[in-house]
Amino acid sequence: MSTTKSEFLNELKARGYIHQVTDEAGLDQLARSGRMTGYIGFDCTAPSLHVGNLLGIMMLRKLQQAGHKPIVLIGGGTTKVGDPSGKDEARKLLTDAEIAANIGGIESVFGKFVSFGTSGSDALMVNNADWLDELNYIDFLRDYGRHFSVNRMLSYDSVKLRLEREQPLSFIEFNYMVLQAYDFVELYRRFGCRLQMGGSDQWGNIVNGIELGRRTDGVELFGLTTALLTTASGAKMGKTASGAVWLNPDMLSPYDYWQYWRNTEDADVGRFLKLFTEVPLSEVDQLASLQGAELNDAKKVLATEATSLLHGREAADRAEATARATFEQGTISQTLPTFELPRAELEKGWGVLTANTHVGFVSSTSEARRQIKGGGLKVNDTTVTDEKRLLTLADLTPEGVIKLSLGKKRHVLIRPV
């Protein structure tokens with residue numbers, strides 16, 4: 001039985017979000033005493049966020065639904081440094097232009113999950129470059145750096161992992177935890193923010209921010225983390241054989257996003273329904289209890305509900321209908337992901353190995369060869385056995401497309417233009 005009384009913490013507990021809390025009783029009291037402000041930071045290392053970021057986004061949504069104020073902190077400043085947490089080697093340092101382009105790519109996702117504004121529990125989006133870019137470094141070190149023990153910093157997993165594996169840890173990366181701690185204090189000063197949330201790999205950084213706030217401002221701040229998610233088989237969430245599961249539709253279609261959730265391992269269905277959808281818990285328990293082929297119905301609910309949160313109900317229903325037409329009715333659905341190809345390429349013949357890399361099924365022609373040897377590649381539902389096979393105009397179906405498939409669940413239509 002839960003000992004917390006606030007709607008926010010009770011909801012997070014019931015759905016399995018919480019891994020660690022710095023002071024659960026204190027945070028519970030804060031959440032019950034009025035509107036609370038909390039944040040999660042997102043660095044801008046790619047033009048889209050991915051499924052691995054979704055847990056944090058969902059927690060911001062839960063925070064707002066409980067009547068509190070979420071802050072999305074865009075790491076325009078910290079991205080210039082690079083977070084060493086959970087990384088074996090340094091990230092490539094990005095230029096200001098690359099960071100700005102990435103920010104433009106990731107900002108739109110948050111509006112699908114929280115509502116923004118300037119009052120009440122409206123969410124805010126702020127960029128830590130607003131204050132980090134203005135720091136006078138020497139003064140900053142004198143005022144804030146003195147509160148950090150190098151001995152303790154060396155004990156954090158994010159640092160120990162790199163050192164134990166004899167991978168270099170640059171001095172600029174070593175500063176990351178100081179800057180993240182300062183972010184927390186700055187958000188408290190600007191917006192009264194007293195809660196930082198994140199993945200369990202951020203625990204040390206969050207605790208640093210809490211201690212910095214106590215030492216510099218005499219304020220009690222709080223931290224809450226989720227476990228770093230893996231699938232039941234131990235695979236990292238958000239990664240597939242063909243790459244990351246992106247949240248932006250221009251990098252991964254709603255149909256492919258739907259298919260990602262539809263392919264969830266049996267043992268993960270109930271857990272993912274709780275974390276990534278808003279299906280009532282009583283219904284989740286019922287769906288998760290299904291066995292055998294009936295569990296596929298639960299997976300379809302998961303796929304449709306998760307997709308509707310990100311891409312909208314219409315896109316989710318269309319993805320489900322496309323899958324039904326493709327797999328259950330055996331037809332070529334015109335709403336499958338489509339790759340347009342100059343007609344001249346098919347007139348001269350387009351190699352099947354090249355085709356599979358261009359549509360994103362595989363990352364290299366050597367990998368495409370392995371798929372052919374294993375019987376995994378098909379053209380118009382016919383298994384490819386010759387790696388030198390060419391796609392030509394003769395392969396066009398009556399619908400005017402070529403259906404390219406990898407395994408049973410990945411399909412693309414090639415349409416000449």
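This is a short chat about the fold of a predicted model.

Student: How many helices and strands does the chain have?
Tutor: The chain has 19 helices and 15 strands.

Student: Is it compact or extended for its length?
Tutor: It is as compact as a globular protein of that length, because its radius of gyration is 24 Å, close to the 22 Å that the globule rule gives for 417 residues.

Student: And what box do the C-alpha atoms fill?
Tutor: Roughly 75 × 50 × 40 Å, along the principal axes.

Student: Now the sheet. What is the strand order?
Tutor: The order is E1-E6-E5-E2-E3-E4. These 6 strands form an open sheet with mixed pairing.

Student: Which strands sit at the edges?
Tutor: Strand E1 (20-21) and strand E4 (124-127). Each pairs on one side only.

Student: What holds paired strands together in general?
Tutor: Backbone hydrogen bonds, in either a parallel or an antiparallel arrangement.

Student: Parallel or antiparallel for E2 and E3?
Tutor: Parallel. Residues 37-43 of E2 pair with residues 69-75 of E3 over 7 bridges. One detail: tyrosine 39 has isoleucine 71 in E3 as its bridge partner.

Student: Which strands does helix H3 lie across?
Tutor: H3 (residues 54-65) lies across E2, E3, E5 and E6. It runs at about 160° to E2.

Student: What about H10?
Tutor: H10 (residues 176-191) lies across E2, E3, E4, E5 and E6. Its angle to E2 is about 145°.

Student: Switching topic: what share of the residues is buried?
Tutor: Buried residues make up 49% of the 417.

Methods
Residues numbered from 1 in each chain as written. Predicted model: local features only at pLDDT ≥ 70, side-chain atom pairs only at ≥ 80, totals over all residues. Heavy atoms only, no water. Pairing = 2+ DSSP bridges. Helix = DSSP H or I, 4+ residues; strand = E, 2+ residues; numbered from the N terminus. Contact = heavy atoms within 4.5 Å. Axes fitted to C-alpha atoms, helices over the stretch in contact; angles between N-to-C directions. Rg over C-alpha atoms; globule rule 2.2 N^0.38 Å. Buried < 20%, exposed > 50% of the residue type's maximum accessible area, 1.4 Å probe, protein only.
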